[in-house]
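Colleague: I am new to this structure and would like to learn how to read it feature by feature. Could we look at it together and take the features in turn?

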Amino acid sequence: MTAVKGSGDGSKVTSNAFKDKSKPADIRASNIQAGKAVADAIRTSLGPRGMDKMIQSANGEVTITNDGATILKQMNVVHPAAKMLVELSKAQDIEAGDGTTSVCVVAGALLEAAEKMLQKGIHPTAISDAFQRAATKSVEILRGMSVPVNLTDRESLVKSASTSLNSKVVAQQSSLLAPIAVDAVLKVVDPQKPSTVDLKDIKVIEKLGGTVEDTELIEGLVFTQKSAGVNGPKKVEKAKIGLIQFCISPPKTDMDHNVIVSDYAAMDRVLKEERAYILNIVKQIKKTGCNVLLIQKSILRDAVSDLALHFLDKIKVMVIKDIEREDIEFVSKTLGCRPIASLDHFLPENLVNAELCEEVMTGTGKFVKITGIQNMGRTMTVLVRGSNKLVLEEAGRSLHDALCVIRCLVKEKALIAGGGAPETEIAIKLTQHAQTVTGVDAYCFRAYANALEVIPATLAENAGLNPIATVTELRNRHAEGETTAGINVRKGAITNILEENVVQPLLVTTSIINFATETVRSILKIDDIVNTVQ
């Protein structure tokens, strides 16, 4: 008897484990819902007529932006699947720098398409694999319609930079900021490695005061702080610059030691020693003929004491102190020198010559500008100006996007039309391709193609046009063979978008397709969310 009971128990346990059949479907539905919610939240900020978002942080700071990556980075997202979309826009920001809003909108549309197919009973893995094949085909179509671009063709580069800037708050200044971005990137491209650009070589400095029109590109160095001396020189021509990492101040004891001085004679002796110690350093500086001194910020003691500043003023040396540790690499690359770590190495051959080093007044403060550096490294500085903090920060972010667009063109030298043209073209070609495939794939390809039409539909919606009529007309024009027909937001009609100079790098669109598909595939394959012990 007992044996039967045992076997019965076993069957009971098994039936419990597999009782909950609907759970994977619920989890999937919840993940898709969360992903769509994130996409819908930033959908309105797509395109040149997109709206801006005002983001308020817990400490009351306000940011105004319509850059998808910035909005999502600061959004308080709780759902794990929604966090994947935030990561997605980050990945797009790192890879291409532009198209951070589009990539989330496309992912949201693909999730919606997948949801409809899941309801029809198609298996998630089948959908996922079909989407991967559709993405590969889409990239193929994009490459077919791209136009190769040469880096010497400055006009095309400026066009693509201004397309990126037109959807930002600073769209009015795109004619000024686009050439700045192009010139900055082309100056830092290394001829030995022509297909890579390190944007760390372009320093974007934001300084309050003036307007965005006052933004300038500087071949040289800019320090946001004013010179440290009181009576020292404010302008040095034929400057000899020394970048030092040691302090010009009396040495201190360790943190937890004190020196107790009881009588005046000993006190005088201490002060005399200090004076002699500093004088020795200053004499060594004077001997090399150095007249501009850049001093790294020190943690344990003052980088330069008042007494030292007094002596340096007397020998007519301009002092710029408190240079941050992370900026030292950029400064030494620009000057083409190594930082001097000790007094023994402070020799004339370690100094750098420059034409001019001067302190410049701005609306609210001063900054130091060094130009005409001999053997200057491949770096550039962009000084962004703005009348208030919000505009200034947004101008900085927009300029970063424009720089990234040019970097994309350096990586992959091809352009395609903008304004929803590539997405519509893919949709048409994929639908045609779907008729040649059999089985579930045909169904999934068609759904993928329809999902991509979300970009032109959203562009039309944000521009105040009728999305259905616009997308239908756009589809007709593409079916007739006009591959570059796109939505012209300014005229509110469908025109050949290349004539309107709306172009974007191929890399931006291909990475949108690849990244969005990857994310949607991984969301589809999740069938359970498990919480960890810790």
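This is a predicted model: local features need pLDDT of at least 70, side-chain atom pairs count only at pLDDT 80 or more; totals for chains, interfaces and linings use all residues.

Colleague: How many bridges join strand 4 to strand 12?

Modeller: The general idea is that strands of a sheet pair through backbone hydrogen bonds, either parallel or antiparallel. Strands here are DSSP runs of E with at least two residues, helices are runs of H or I with at least four, and both are numbered from the N terminus; two strands pair if DSSP finds at least two bridges between them. In this model, strand 4 (residues 202–208) runs parallel to strand 12 and is joined to strand 12 by 7 bridges. Strand 5 (residues 216–218) runs antiparallel to strand 12, with 3 bridges between them, and Glu 216 has Leu 383 as its bridge partner in strand 12.

Colleague: Which residues of strand 12 lie on each side?

Modeller: In a regular strand the side chains alternate between the two faces of the sheet. For strand 12, Met 380, Val 382, Val 384 and Gly 386 lie on one side and Thr 381, Leu 383 and Arg 385 on the other, and all are buried, where buried means under 20% relative accessible area, exposed over 50%, and partly exposed in between (1.4 Å probe, protein chains only).

Colleague: Which residues touch the most other members of the largest nonpolar core?

Modeller: In soluble globular proteins, nonpolar side chains tend to be buried together. A nonpolar core is here a set of buried Ala, Val, Leu, Ile, Met, Phe, Trp, Tyr and Cys residues joined through side-chain atoms within 4.5 Å. The largest one has 71 residues, and Leu 85, Leu 110, Ile 127, Phe 131, Leu 430, Tyr 448 and Ile 513 touch the most other members. Helix 5 (residues 100–119) gives the most to this core, with 11 residues. If we leave aside neighbours within four places in sequence, the contacts of Tyr 448 (heavy atoms within 4.5 Å) include Leu 110, Phe 131, Leu 430 and Ile 513. A second, separate core of 34 residues includes Val 170, Leu 177, Ala 181 and Val 188.

Colleague: What is the volume of the second largest pocket, and which element gives the most to its lining?

Modeller: On a 1 Å grid over the protein atoms alone, a pocket is an open set of points where a 1.4 Å probe fits, with protein on both sides within 12 Å along at least five of seven lines, and lining residues have an atom within 4 Å of a point. The second largest pocket has a volume of about 420 Å³, a volume being the space filled by probe spheres set on the points, which are joined across faces, edges and corners. Its lining has 19 residues, of which Ala 109, Glu 112, Ala 113, Lys 116 and Ala 451 lie nearest its centre, and helix 5 gives the most, with 7 residues.

Colleague: And what of the largest pocket: where is its centre, in terms of residues?

Modeller: Gly 47, Pro 48, Thr 163, Ser 167 and Leu 459 lie nearest the centre, out of 40 lining residues, and the space inside is about 700 Å³. Helix 7 supplies the largest share of that lining, 4 residues.

Colleague: Is Thr 458 buried or exposed?

Modeller: Thr 458, which has its place in helix 15, is buried because its relative accessible area is 1%. Beyond its neighbours within four places in sequence, Thr 458 is in contact with Arg 43, Leu 46 and Val 105.

Colleague: Is Pro 251 buried or exposed?

Modeller: Pro 251 counts as exposed, because its relative accessibility is 53%, and its place is in the loop between strand 7 (235–244) and helix 9 (264–287). Leaving aside neighbours within four places in sequence, Pro 251 is in contact with Tyr 277 and Arg 301.

Notes
Residues are numbered from 1 along each chain as its sequence is written. Side-chain values use heavy atoms; hydrogens and water are left out.
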